[in-house]
Amino acid sequence: MGVLLVVLSPWDNVLDGSAKIAIAGVALSHLAHYLSVLALYRLSINVFGQETTTQRLVCFLSAALHIISPAGAFLSAPYGEPVFSFFNITGLYIYSSSVLDNEVGKSVLRNAKLLLAALVFSAATVVRSNGFLSGFLFAYDALVQLQRLLSRGVSVDAFVHLGVVVISGCILALGFVVPQLFAYAQYCMTEDVSRPWCRRLIPSIYGWVQDNYWNVGFLRYWTVSNIPLFLLALPMLAILIRSSTWGLKAFLASSPHEASDSERVLSSKTQASLLMRLAVPQALLSGLAITNYHVQIINRVSSGYPVWYWYLAHLILGDSGVKHSRIFTLAVPGAVIYALIQAVLFGSFLPPA
């Protein structure tokens, strides 16, 4: 942002400070969105491969779907969604690369990428707190490594791997904790502490703002007046939940005893495991949107999660080529139409913001 403001400095006589900030914010959002499209394409290659025409089309279609995400205007406006999407998808790409490196015995490169992924996830969590959900990846890895240590005995590589995973999880958590520490130091470490959240057992400014100003909480949004907003979010929620289930089934289908060849969408157990791991944070997000969030924001927050793009791509691209899908043919025009309507409503300070 600072670099963009410097670029606009020759226009000081024409643009005031607010205008320059707005232009820089829009430019940053477009750049972040473009880079997240490229990151999603590379992530898709890691998960699905690119050996066949169908695999290459899945990767391309997934990236193309990200361009017309239901987040719509939020990906062009100076908002958090495009930056979060870039950081989260890039973090997933780096993490997936570390998993593939682990499979071929590149332990040093694997560890370096795990730490780098954690830094990127931490940045995503600073932008949007739901980036914390990506911590599931490190929690899963820690449990897997712990189980291996207990079953196969202690080895240097396994012990180091577990240590790197734990450190990576802590790095990600810093993206959630550090901003709150700054807020605590600014608002609570003063002589006159009048803010109620400062005296809570866990003094979270996030929790206080969402509770006190946005009325966010378990089932608080479940009111008759919010039924239209639940209906507005219903298509996206259905796709998120269905695609998360699809990711889990694909992992189960990678077992030779669980499914037929036609059900297998991935070429290896490792790639199937990756798809399952990436599906879980998306499923957690869907559950929180239904029970805790202002449910309509799922249409824009979902832009930073890749599994539902892959699911839609697989609806139109089967293992043997193109096939008809009513869900796909409804979802794509629906996303475009919704984005146009959303832009008008958001510009008028109306839901579904």
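In this predicted model, the count of aromatic pairs comes to 13. Phe84 is buried, at 1% relative accessibility, and Tyr305 is buried at 2%.

The rings of Phe176 and Tyr206 make an edge-to-face pair, with 5.3 Å from centre to centre and 75° between the planes. Here helix α7 (residues 156–187), which holds Phe176, is linked to helix α8, which holds Tyr206, across 30 residues. Phe176 is partly exposed, with a relative accessible area of 25%, and Tyr206 is partly exposed at 23%.

Ring pairs also join Tyr95, Phe121 and Phe138 into a cluster. Tyr95 leads on to the largest nonpolar core, where, among 62 residues, Tyr95 and Trp310 touch the most other members. Helix α12 (residues 307–316) gives this core its largest share, 9 residues. Beyond its neighbours within four places in sequence, Tyr95 has contacts that include Leu114, Ala117, Leu274 and Arg277. Another core, of 6 residues, lies apart and has Cys188, Cys198 and Trp208 among its members.

Turning to open space, the largest pocket has a volume of about 520 Å³. Its lining is made of 19 residues, with Arg128, Ser129, Gln210, Trp214 and Ile297 nearest the centre. Helices α5 (107–127) and α8 (205–212) each contribute at least two lining residues, and the lining comprises 10 nonpolar, 7 polar and 2 charged residues.

Definitions and conventions. Residues numbered from 1 in each chain as written. Predicted model: local features only at pLDDT ≥ 70, side-chain atom pairs only at ≥ 80, totals over all residues. Heavy atoms only, no water. 1 Å grid on protein atoms, 1.4 Å probe; cavity = no way out; pocket = protein on both sides within 12 Å on 5 of 7 lines; lining within 4 Å. Points joined across faces, edges and corners; volume = space filled by probe spheres on them. Helix = DSSP H or I, 4+ residues; strand = E, 2+ residues; numbered from the N terminus. Nonpolar A, V, L, I, M, F, W, Y, C, P; charged D, E, K, R; others polar. Core = buried A, V, L, I, M, F, W, Y, C linked by side-chain atoms within 4.5 Å. Buried < 20%, exposed > 50% of the residue type's maximum accessible area, 1.4 Å probe, protein only. Contact = heavy atoms within 4.5 Å. Phe/Tyr/Trp six-rings, centres within 6.5 Å; stacked < 30°, edge-to-face > 60°.
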